[in-house]
Amino acid sequence: MPQPDAGTEVPDAGVESPDSGTETPDAGPETPDAGSEVPDSGTETPDSGTETPDAGPETPDAGSEAPDSGTETPDSGTGTPDAGTGTPDSGTGTPDAGTGTPDAGSDAGMSVLDNWSFEEWPDALPAQWLGSKSSLTSDAVQKVTTSPFHGLNAVRLSNATGTHKRFTTVAKSMPAGRYACTYQVRGSGEIRNGFFDTDYSSYSSYTTVETTTWTQVSYSFNLASPVYDTFEFVFSLRNTRGEHLIVDDVRCTRAPEACDAVSCESWQRCVNATATCVPLAGRCDTSAQCSEWQSCDATHTCVTAADRCVRHADCAGTPQTPVCDTASHACVEGDPCAGVVCNNPATSCNPTSGVCELSPGACFTTYDCRGELPACDPATRRCVSAEHSANIIRNGGFENWSNTPIPYYGTPYIPDYWYGLDNGVSDPGSEIKPSRLVPYTKVVHGGSRALQFVVPIQTAERFTLQKFNVPTGTYSCSYRVRGHGTIRHRIYSSAGWSPQTDFLTVDSDAWEPVFFRFTGNVRDWRLFFYPGRSVADRDHLQVDDVVCTKD
């Protein structure tokens, strides 16, 4: 017999190679070190050439004496030149290339954004960037190592179209406050900024960039409330060309506030103007901070006072005054259902709440039928038995059994319209031994019989309906299960396999409902059960009243 769920599905083994390719990054027409800043080079020949360094009879850099150790500051300027284990200012090497990673954006407090100087590239993309709200593709994001503004790297962003695309940070949490940002950009194109918290903010105006030198752009924003795990800083760009847009040094800082030094309770907020804690909306320290018909409870929440109301149901404890007067929030005499009209025939006015609700025994779909009658008749909107014609599952209550010929198993006693035969990988069927299917009459959900699975093995075995065609429509389904073991279900038809459900662990004498939906207009539809690991202490596993009705 074929293995269960073998199918033809190939699990998610995509062919996309993330962000690699044959392009040599930063090898375009850009002239290195073409900005306004000349890094440690130019017309001055540093510490080499025809000039004799440290003029005098002494041979420089000889023996144990450290050269350039006088009072004069070498390498003109007031800064200390290139201290480290590397050779200072020596030729075409990268300046400041000692054993540490120079200027790698590790400065504490420089920016609330992670990897703000684009120094970290664990692969072809910068760490902490290209977040979920990015619409820029990964191949439009490139590492730039020639003439960065800060550190060793910058990022090139490309979007030659006139439709803007976003490049964002990965999502993070951010405290409330006012933020001021600056960043450096060069190249050709248009760029602007915004952010995402639970929705997109408005954007700043576009800055048109047309320069080979670094230009600073400023942007500020305000977060009225803290943002948890969803904040993304947004670059929006369009019409890039040539070198496109190269961005570096994205520094965002939060302005200090008086409340930063104040700690409030979870039900309070801090007011910056006074640096004091006050209750949040709907919260309280005393009842005086609530509406006159409310009281402050132990959780510092304003709630309806014991003798007041906001709805008719609050007056259920006073039958003589069952109506809530919403103007005074007082319970008064009257009929909660007076003037209430329920237009849907499945609903009626609840005399306690004064609201139209499903009438007892009525239903919109089978999901509403959770009692003894498991199926919803769409014609009458009433819950009916599994044997009702509204149920498209034939013999869903397992009331009818017959001796049926099955290849290799003779003529076993099995439920009618079940035990669909296995005709290959593209047409799967039952694989469970018929001897594991037993009529069960001790405890049933509906009718006089249920189906007992006796499967005391670790591997679940497939059991299915005989296939049939299902007309167009949406169908709500359910079945009842009890006993001790595990079970799951799945659907197969001309539309393919439904998503695989998790195994349900059953260990109860009570019938538990399992609900699911599917869309019709398919051929060769069949429902699969996968029972396994049944235990005799609760008579193994029992299933009853399998129903599917059209919504």
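Me: What makes R192 part of a strand?
Reply: R192 has its place in strand β5, which covers residues 177-196, and a strand here is a DSSP run of E with at least two residues, while a helix is a run of H or I with at least four, both numbered from the N terminus. This is a predicted model, in which local features need pLDDT of at least 70 and side-chain atom pairs count only at pLDDT 80 or more, whereas totals for chains, interfaces and linings use all residues. Residues are numbered from 1 along each chain as its sequence is written, and side-chain values use heavy atoms, with hydrogens and water left out.

Me: Why is R192 called buried?
Reply: The relative accessible area of R192 is 15%, and buried means under 20%, exposed over 50% and partly exposed in between, with a 1.4 Å probe and protein chains only, so R192 is buried.

Me: How do you know that R192 makes a polar contact with Y206?
Reply: The two side chains come to 3.2 Å, and a polar contact is a pair of N or O atoms within 3.5 Å, where within protein one must be able to donate a hydrogen and the other to accept it, and residues adjacent in sequence count only if both atoms are side-chain atoms. Leaving aside neighbours within four places in sequence, R192 is also in contact (heavy atoms within 4.5 Å) with residues including H164, Y203 and F235.

Me: What makes R238 a charge over the ring of Y206?
Reply: R238 lies over the face of Y206, at 3.8 Å from the ring centre, and the rule asks for NZ of Lys or CZ of Arg within 6 Å of the ring centre and within 35 degrees of the ring normal. R517 lies over the face of Y367 in this sense, at 3.9 Å from the ring centre.

Me: Why does N391 count as buried?
Reply: N391 has 7% relative accessibility and therefore counts as buried. N391 is placed in the loop between β18 (382-384) and β19 (401-403). The side chain of N391 reaches the backbone oxygen of V546 at 3.2 Å, and a polar atom of that side chain lies 2.9 Å from the backbone nitrogen of C548.

Me: How do you know that K172 and D114 form a salt bridge?
Reply: Their side chains meet at 3.7 Å, N to O, and a salt bridge is a side-chain nitrogen of Lys or Arg within 4 Å of a carboxyl oxygen of Asp or Glu. The pair links distant parts of the chain, since K172 is in strand β4 (residues 172-174) and D114 in the segment before β1 (141-144), 58 residues apart. K172, at 18% relative accessibility, counts as buried, whereas D114, at 37%, is partly exposed.

Me: What makes R254 a partner in salt bridges?
Reply: The closest N and O atoms are 3.4 Å apart for R254 and E257, and 2.9 Å apart for R254 and D260. Elsewhere, salt bridges that share partners join R482, D507, D509 and R538 into one network.

Me: Why is the pair of F528 and Y530 called stacked?
Reply: Rings of Phe, Tyr and Trp (its six-membered ring) pair if their centres lie within 6.5 Å, and planes under 30 degrees apart count as stacked, over 60 as edge-to-face and the rest as tilted. The centres of F528 and Y530 are 6.2 Å apart and their planes are at 20°, so the pair is stacked. F528 and Y530 are both buried.
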